[in-house]
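Trainee: I would like to learn how to read a few features of a structure. Please show me the model.

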Amino acid sequence: MKTIDVDRTLCDNHGQCAIAAPDVFRMNADGELEYEATFDDALLDEVEEAIDVCPVQAIFLKD
Amino acid sequence: MSTPTVQVPYLNISDPSFAMQSEELRAAREQSWYARTNYGIAVLRYDEVSKLLKSPKLSQGSAKWPAHNGVHGGLFYDWWTKNLLVLEGEDHHRIRRLLNPAFSPRLIKDLVPRFQVLANELIDSFIDKGECEFIRDFAEPYATRVLTILLGIPESEWPTIARLASTVGLALGVTFKQDLDKVDAAVAELYEYAEGLIKDRQANPGEDFVSRLVLANRDGDRLSDEELRNALVLLIFGGMDTTRNQLGLAMQSFMHNPEQWELLAERPDLGGKAVEEVMRINPTVTWVTREAVEDFTYQDLFIEKGTTVHLFTQSSGTDPKAFPNPEMDLLGEHAPHYGFGGGVHHCLGHFVARADMSEALPLLASRIAQPYLTGGDEWLPDSGNTGPIRLPIGFTKRS
């Protein structure tokens, strides 16, 4: 199963992933990213879109 | 706002002589992380700009721009109030989700060979003269023809697109009210253009950018024809002037840093770094405006709901606290700049802009040496979106 890995040294908390894939990524009240590393297969398209739209390309999928 | 415990600097940002790259601003940034201005506060340092740009307590501050200028109706007004730039919350997110796939970096990559052909063709047109007017001969046709490539319309139509984009751009200037009739007429023409494109791709969908938007859907939700039209107008409005200005500013920065230009000529792989460095030290979008959606306290400052907050991009990108050596350095490792804004309103088209400029700059550097100003340059004011209007340069042709 694929899992999500966000490179926190790159992540700049723009929150575009939380727009693209709100079931997996969210921004907390301080404007910081929270996410689940594992996700339902049905959400793969959403997750891939989040990876694509990240302005700093900080999101990766690991096998 | 609370009583400040330290002396807070004041900046008159509406003064035509106000300059971002000035001793006044550097001194203010040294003194305090923010300044008071004639409307709202200005955030001057990198860490604070970074934090507040993405704060959920601030929303996009431009929704009321037409009203601030005494404009309460008309085609531009209607378009502005429904476009992605000013929408918030789920209304914004829904449109953004439907637009995002067409702007995927993987799809933009396929256009790179066409960007290269275009850049070389434009350089060919002036290379033997040893001089050019960089905006007229390169930056404007390049930025606009990139848009025609993206939209899948004949590149020969670029002057029309450039004229319409520039006219709608007047809406962001201080003479908006006087220019309103011209602006509305240009919006009407752009609507017609966009509607024609949409109809054509609905009848003959292909693999191109507009077809992707026409076919875009998510969980059964689609863009209406009106939403699609508004998005295409935004693309033209937001994609032309900005890229043209930024290319002009890039040339200015490299003329100040000739050794960096030589480095780029030798190392075309640094094209991407060149774009990031130019946008860090010399961005066309010199500030981004937000508005407080609730009362909150940030550091020592109470910010009342409704306060306008200007986030100064150029000032943040050269803040010595974040960049001990703030000079342009294509080999340096620098924190990200905010020339594309940030947060939920981060520029949608940044992958396109990054891709086209990172091809143009090394091709220019590889063909023209020692560019220099020949005089007669004209500039937009430093407030808002800045850059050269005319940039006559001389150079030596590389053999």
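Mentor: Start with terms: helices (H or I, at least four residues) and strands (E, at least two) are DSSP runs, numbered from the N terminus. Axes are lines fitted to C-alpha atoms, for helices over the stretch in contact, and angles run from 0 to 180 degrees between N-to-C directions. This is a predicted model, in which local features need pLDDT of at least 70, side-chain atom pairs count only at pLDDT 80 or more, and totals for chains, interfaces and linings use all residues. Residues are numbered from 1 along each chain as its sequence is written, while chains are lettered from A and ligands numbered from 1 in the order in which they are written.

Trainee: At what angle do the axes of α4 and α10 of chain B cross?

Mentor: Two packed helices are described by the angle between their axes and the distance between the axes. Here α4 (residues 75-82) and α10 (residues 176-203) of chain B cross at roughly 65 degrees, their axes coming within 8 Å. Leu75(B), Phe76(B) and Trp79(B) are the α4(B) residues in this contact (C-beta atoms, placed from the backbone, within 7 Å).

Trainee: Which strands pair with β11 of chain B?

Mentor: Two strands pair if DSSP finds at least two bridges between them. Strand β3 (residues 41-43) of chain B is parallel to β11(B), with 3 bridges; Val43(B) has Leu311(B) as its bridge partner. Strand β8 (residues 287-292) of chain B runs antiparallel to β11(B), with 5 bridges. There, Trp287(B) is partnered by Phe312(B).

Notes:
Two residues are in contact if their C-beta atoms, placed from the backbone, lie within 7 Å.
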